[in-house]
Amino acid sequence: MLNLHRPNLVKIKNILLRQQKQVAEQLKSIEKEDPVTASNLVPEASESGTESWLAEAHGKFTTLKKDLISLSGGITKSLAKLKRGTYGKCEKCGKEIEAARLEAMPTANFCLACSKKSPK
Ligand SMILES: [Zn+2]
């Protein structure tokens, strides 16, 4: 059966690989920019309060890092699905995810209808 709405898997794979590289680079730069991991400074519950900016900055970088790691996990998962040939199927209803949606968000696990019903 010819499916005109089939997503362009080669294109999507390239997007995913590019994203994966970007995420890896961002993670590396976060390690460098985070004052804690960059200089091994340990934020302490200090008396002076001078370390509180450090803890705050570290907190921001930690949140950012978590987001990137979860994005990276999604990319890896999508790439594995591409390999298995199960890519593009909604994890909830099993229908094909809209091609345009996949091109805009290659790590999407659900079709538009399902993601509207329950975000994430
Ligand atoms: Zn669905």
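A salt bridge is a side-chain nitrogen of Lys or Arg within 4 Å of a carboxyl oxygen of Asp or Glu. Keep that cut-off in mind during this tour, which goes through a predicted model, where a search of the whole structure finds 6 salt bridges.

**Second stop: from the loop to the helix**

Now select glutamate 91 together with lysine 77, whose side chains meet in a salt bridge with an N to O distance of 3.2 Å. Glutamate 91 lies in the loop between α3 and α4, whereas lysine 77 sits in helix α3, so this pair ties together parts that are 14 residues apart in sequence. Glutamate 91 is partly exposed, with a relative accessible area of 42%, and lysine 77 is partly exposed as well, at 38%.

Move on to glutamate 96 and lysine 89, which form a salt bridge with the closest N and O atoms 3.5 Å apart. Here glutamate 96 counts as partly exposed at 35% relative accessibility, and lysine 89 is likewise partly exposed at 40%.

**Last stop: two helices packed together**

Finally, select residues 9–33, which make up helix α1, and residues 52–84, which make up helix α3; the two pack at an angle of about 155°, with their axes 9 Å apart. That angle makes α1 roughly antiparallel to α3, because angles over 145 degrees are counted in that way. The crossing of α1 and α3 is left-handed.

Which residues of α1 meet α3? On the α1 side they include Leu9, Leu16, Val23, Leu27 and Ile30, while on the α3 side Phe61, Leu64, Leu68, Ile75 and Leu82 are among them. Colouring the residues of this contact by kind would show a division into 14 nonpolar, 6 polar and 4 charged; Lys13 and Glu31 of α1 and Lys65 of α3 are among the residues that take part.

Methods: Residues numbered from 1 in each chain as written. Predicted model: local features only at pLDDT ≥ 70, side-chain atom pairs only at ≥ 80, totals over all residues. Heavy atoms only, no water. Axes fitted to C-alpha atoms, helices over the stretch in contact; angles between N-to-C directions. Helix = DSSP H or I, 4+ residues; strand = E, 2+ residues; numbered from the N terminus. Parallel < 35°, antiparallel > 145°, perpendicular 65-115°, else oblique. Left-handed = near helix turned anticlockwise from the far one by under 90°. Contact = heavy atoms within 4.5 Å. Nonpolar A, V, L, I, M, F, W, Y, C, P; charged D, E, K, R; others polar. Buried < 20%, exposed > 50% of the residue type's maximum accessible area, 1.4 Å probe, protein only.
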